[in-house]
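The sequence and structure are shown first.

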Amino acid sequence: MTPVQAHILDLLAAATLIPLASALLLLFAGKRWLGRLSGWVATLAMAGSCGCALAALSAWQDNLPATIVFEIPWIPVPGQAAGYLNLGMLVDHLTVAMTAMVTLIATLVHLYSIGYMQGDKRFERFFAYLSLFTFAMLGIVVSASLTQLFVFWELVGLTSYLLIGFWFERPGPRLACKKAFVMNRIGDAGFLAGLAILYCKLGGNLLLPAAGDAQTPSGVPIETIYQTLTAILADENASILSPPAWLTFAGIALFCGAIGKSAQFPLHTWLPDAMEGPTPVSSIVHSATMVAAGVYLTARLLPILTPGVHLFIATIGLVTLVIGACMALVMTDIKRVLAYSTLSQLGYMVLGLGAGAYNFALLHLVAHAFFKCCLFQCAGSVIHAAGGKQDLRSFGGLWRKMPATMACFAVCTLAIAGASVMGVGLSGHYSKDGLIACMHNYGLALDEAFNPGGTTFPFAHIFYWAPVAVAYVTAFYMARAFTLTFLGSPREPHLIEHAHEAPLTMLVPQGALALLAVVATPWGMAFWGDRINASAMIVPWVQGGTEEQVGETAVEFTHHAVGFAWLVGIAGGVALYAAGTKNAARLAKLPGVRLLHTWFLNKFYFDGLYDGFVVGLAKAVAGLAWILDRAVIDAAVDALAKRVREGAASISPFDPDPSGSPINSVAFAAQAADQALRPTHSGRIRLYVLLAFGSAALILMAVLILVFAARAAGHAA
Amino acid sequence: MPPLILTHLAPHALAPFALAQLIEPGSFTDSTTPSLLDAVLPSVLNWMLFLPALAGAICFLPGVSRASARALALLTTLGSFALSLVIAFDYYFNQNASGVAAVTLKPWIESIHANYHVGVDGLNLPLVLLTTSLSVLVVLAAWRIEKATQAFMGLFLFLLTGMLGVFVALDLFLFYLFFEVSLLPMYFLIGIWGGPRKEYAAIKFFLYTLAGSICLLFVMLGLYCLTPAGTANHVNTWQLVDSGEQDSLISESVRALFAGPSTGLHGPTPAGPYWLHAQAFFLLTLVAFLIKLPAVPFHTWLPDAHVEAPTPISMILAGVLLKMGGYGLMRVTYPLFPDAARHFWLPVATLGVVAILYGGFCALAQTDWKKLVAYSSVSHMGYVTLGLAVLTRTGFDGAYFQMIAHGITSALMFFLVGVVYDRAHHRDINRLGGLWLKFPGLGGWSLLAFCAGMGLPGLCGFVGELLVIFGTFEANGQLPGTIPGSAGSGGFMGAATILGLFASLGVVITAGYTLWMFQRVFMGPERPEAAGYAPITAREYGIMAALGMAAVLFGLVPLLVFRLTDPTFYALASVLGLN
């Protein structure tokens, strides 16, 4: 092994373990010893972790092979060739890129939280949870195997539960954190099933596919799922492109996990509710962690997913993309707008992955992480300034009071809209436009697949036109949120009167993130973009990231289709909302629009469906099971016991005359004896038990004596 | 330059991960030369077994004060724990070839060939350790029992001997005796120290288990009658381990009598002479142990017993007594009738899955916190049934680990319920709330306990569930009987796969009732009546911490258990023809 690889492994191990150490420190010693310093301790620890991750990123060379350390035995599986489910670490291009992104954002969120959580009575615990959450996400990114990934996957679920429910005194967070965890567990049930299928079919080898050929630190080649799977399929005269049913099934099952974590349709409803947590939590959940985990998993597994699974993924992504954008259009809570926007953007990434646009989907993950984190932090600052108010309709004119926050928000709005002029743009432009261009190819490929050489299959092109349309909608709803918050005149002047710019601990991370949102893809390309590009595995269904690979037609076409979407959308949004919501309200009353508006506003009735129907159904089944238990099973047992008792009484030959029956004579005799023994009724249980055991012993002895006597008699005879 | 942190520092710094790896079993002494310890180990085992009973008898002597009964019980359980540790360490480092250690074999009732035969192997040693360690905590949990303390401690110590006896007995007759012996103290412990409906609960528990015992007794009589008198088989009827070279559980020739028809490599073999009996016996012993486990539909004694039992007794009931059921299946039912087990795998596995889901749904419907935990036990023990039924090595490992893990987590959960009950004097989930604010420490340990119960990875509850689910999927296509119409998917959608899918769904229901309960009991604003709650004592925190840390330790280093069980399970796998 080269020194560079050793160095990088060390750095990444340190980057992962430092947040854990700081979380444990804060959890056990935070309140007693550190107090208010906890925030700074956690932030500095995160910064240290970030330093390690950035050092690893800059030390990484694209010609290095993926390295897997996989030596800590965990669970033995003697039934399979692998023998053990080990724990270890995987380092490749994607790992270094993701670690850097996660730690960078986590550091800024920690810093921001110092200001935001100031004065909270569980200040230390918040930072402990936040660091643990980051550790869990880093654990996912460096995990070597699917089982190990699942460990951190669930830890992410648990820590998000703690963070979303941080203010558990209130009903909102309480319900939201439970909802988030249960929704995630639904996905995890699928994950577990997929894991089990792969485990059985691959002889227990669950090493995650790495970029290119992987080796151990000592340079020995090591087989990942991808290699094992291709070998097994080759034996069965199949391949990933013409797969057996189980592989498609396993792929879909595993992707269910990602549906839960990345809040894809139909398990998306937890994400908007998760904003009940403190705003720094939203800013990290919606960007670098948790929702990113599902995308990361899908990207990692992309080489072993079959075309059927790809189509499934793309369809799920497409639905999420569209419904998220629609709902973001009409929400009036500033955090909800951003939350639904996250849904929609995640839809882009998942759609892209399904279409094989590996590079652009991951690039968009990184770009989105920066601008969405920034947007949430800006929203947090606004909410802070407005005394906890979150309603867009009450804001307006905030630019006067919070120019810096407004600037950050504006930059990120442009970034998410994908603003560009003459081919030079903000981060969202590169990732999103590239992704849409890949969708053009996917639409064509799908068309070809469904109608080989024949007429066009119009449905296939929805995979291209829907993301194009959503690009316009995105710019529009972001402009709406921006305009209603910062522009115009104050709609509730008393609210704005006391508004002030956020403290430095909040402004600095906000500004840093805004800067990153500008440069994350164009300039940051040299950092993570190239890593991601290099990690794209050479499998036929992954589209390349360069312009030549995507194809000139697609790029040209997309340039025309969405090149000015940002301008159109933003102009429309500003124009409609510059004078408040009254124009939009009038628009919403138009016949066709009204129906849609109602649908969007009611979130397509998913919450009603789930809370009313699914939860109701579960409760009904639980109630039925309980009734069955009491009224059938247990009642049968009791009835049996009663019948036995009655039967015993009825077969008694001494029954008819109770007064004179021998049974009763015994009872009377017992009563007399009882009278005689009354003094022993001292109420002392010890004595009772002693008597019980004593008499048992006496009886036993009597029996033994009888037996021996009988034996002796037998011998004598 | 090798990577410093990962390859050098990590294995040592992360000692829990490396603990089981650093010291290879059998690396300390040459296992061929018997050490002095080997000579005294049988005595150690016998002392460990009967010391509690002896101390229990002392507790009943007149003149023993409450304080001395407590002290005596604590010392005895500690002593028993220490002795079991001696055996465990010796077993871990110095395994002999047969896999059975510390054996005492003395003729007992010669007329029926019953022996006093006790010893440890991989199958019972972890359970023995669980019992002895948990009993220390149970005595501590019972520290504040003021009602006839001496009798309580005495009965508990009798119970301890009974439970340990069940695990270490290697003679079926002796096993049966201890199985019954453990019943009586439990009856009194529930019936005297229990809640309002204690008599009903106690007699229900007693009769239920007795019904199971009768099934077992019937099979024992059958076994004894079927083996012709005067033959070696007749003499060996009660032997639970073969005296041969390998630890092969149940005499090979006895087992052969009950073999089913098979299609081996050398053509089809006809069934053994008593194949039909084997099927009936399998079902009878199955019922005997499923009642104890308990599996749906034989489970209704459990919620009643738990709700009425005092906290320490709930801990031992869930922690150890239920394990007798699973242990009985692994020690008696499956090794004796492996072919019948194969024959009936589908109904048994279905029972397991039904228990997982049904127990979960019943838990979801509870408003009594303790009943919820009791039903969660039914759900968790369903994994044991499923893991055994699918007849894979992975499933067996998982089922066994699930028993150990459930022993830790359920004891902790019942203890937590008890801690709250002592203060609130009720267990109605809807009338509790805000406990996290009142007692942050309690909230933290509870979160850990319920997460372990939910099977979150990294905690002990996960390993068993994962292995059982893996084992179930593995079984697909390897067992007779598939779901009709599943041929279209290339044999992939077999019965085992479908059962596995349903078992995976269990994690959702578990999360549902656990989180719902946690939200009601621990979250929310502090309730006014909580102002008067007494603070949680160091003794209580100590018990929580001990069990909580065990939950983490065994989640991270499950090898601590598997290193002990491995040789025996290897033998068991070959006996059962596990896949």
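## Surroundings of B:Ala551

Neighbours within four places in sequence aside, B:Ala551 is in contact with B:Ile408, B:Thr409, B:Leu412, B:Leu448, B:Ala449, B:Ala452, B:Leu459 and B:Cys460; two residues are in contact if their C-beta atoms, placed from the backbone, lie within 7 Å. The model is predicted, and local features need pLDDT of at least 70, side-chain atom pairs count only at pLDDT 80 or more, and totals for chains, interfaces and linings use all residues. Residues are numbered from 1 along each chain as its sequence is written, while chains are lettered from A and ligands numbered from 1 in the order in which they are written.

B:Ala551 is one of the buried residues of helix H23 of chain B, which also include B:Glu540, B:Ile543, B:Phe554 and B:Leu556. A residue is buried if 20 or more other C-beta atoms lie within 10 Å of its own, exposed if 12 or fewer, and partly exposed in between, with C-beta atoms placed from the backbone. Helices (H or I, at least four residues) and strands (E, at least two) are DSSP runs, numbered from the N terminus. H23(B) covers residues 538-556, and its 19 residues should span 27 Å at 1.5 Å a residue; the end C-alpha atoms are 26 Å apart, which agrees. The expected span is 1.5 Å times one less than the number of residues in the helix.

## The nonpolar core

B:Ala551 also belongs to the largest nonpolar core, which has 474 residues; together with A:Ile105, A:Ala361, A:Cys374, A:Cys412 and A:Ala517, B:Ala551 touches the most other members. Such a core is a set of buried Ala, Val, Leu, Ile, Met, Phe, Trp, Tyr and Cys residues joined through C-beta atoms within 7 Å. Helix H14 of chain A (residues 358-385) gives the most to this core, 19 residues.

## The two chains and their interface

Chain A has 28 helices and six strands, and 56% of its 717 residues count as buried. Chain B comes to 24 helices and four strands, with buried residues making up 61% of its 579 residues. Among contacts with a separation of 6 or more, residues 24 or more positions apart account for 79% in chain A and for 77% in chain B.

Between the chains, 57 residues of chain A are in contact with 61 residues of chain B. The largest share of the chain A side, 14 residues, comes from H6(A). By class, this side has 43 nonpolar, three polar and 11 charged residues. Here Ala, Val, Leu, Ile, Met, Phe, Trp, Tyr, Cys and Pro count as nonpolar, Asp, Glu, Lys and Arg as charged, and the others, Gly among them, as polar.

## The sheet of chain A

Four strands of chain A form an open sheet in the order E2-E1-E3-E4, with mixed pairing. Two strands pair if DSSP finds at least two bridges between them. The edge strands, each pairing on one side only, are E2(A) and E4(A) (221-222). E1(A) is mostly covered, with 10 of its 12 residues buried. A hairpin joins E1(A) to E2(A) through five residues. The pairings within the sheet are listed below.

| Strands | Sense | Bridges |
|---|---|---|
| E1(A) and E2(A) | antiparallel | eight bridges |
| E1(A) and E3(A) | parallel | two bridges |
| E3(A) and E4(A) | antiparallel | two bridges |

Individual positions illustrate these pairings. A:Ile75 has A:Leu85 in E2(A) as its bridge partner, A:Thr67 stands opposite A:Gln215 in E3(A), and A:Ala214 stands opposite A:Ile222 in E4(A).

## Loop residues

In chain B, the loop between helices H12 (275-292) and H13 (301-308) contains B:Pro294 and B:Pro297. The peptide bond from B:Leu293 to B:Pro294 is cis, with omega near -15 degrees, and the bond from B:Val296 to B:Pro297 is cis with omega near 5 degrees.

A:Tyr605, in the loop between helices H25 (591-601) and H26 of chain A, has a positive phi of about 65 degrees although it is not a glycine. A:Tyr605 counts as exposed because 11 other C-beta atoms lie within 10 Å. B:Leu391, in the loop between helices H17 (369-389) and H18 (393-424) of chain B, has a phi near 55 degrees, a positive value in a residue other than glycine. B:Leu391 is buried, with 26 C-beta neighbours inside 10 Å.
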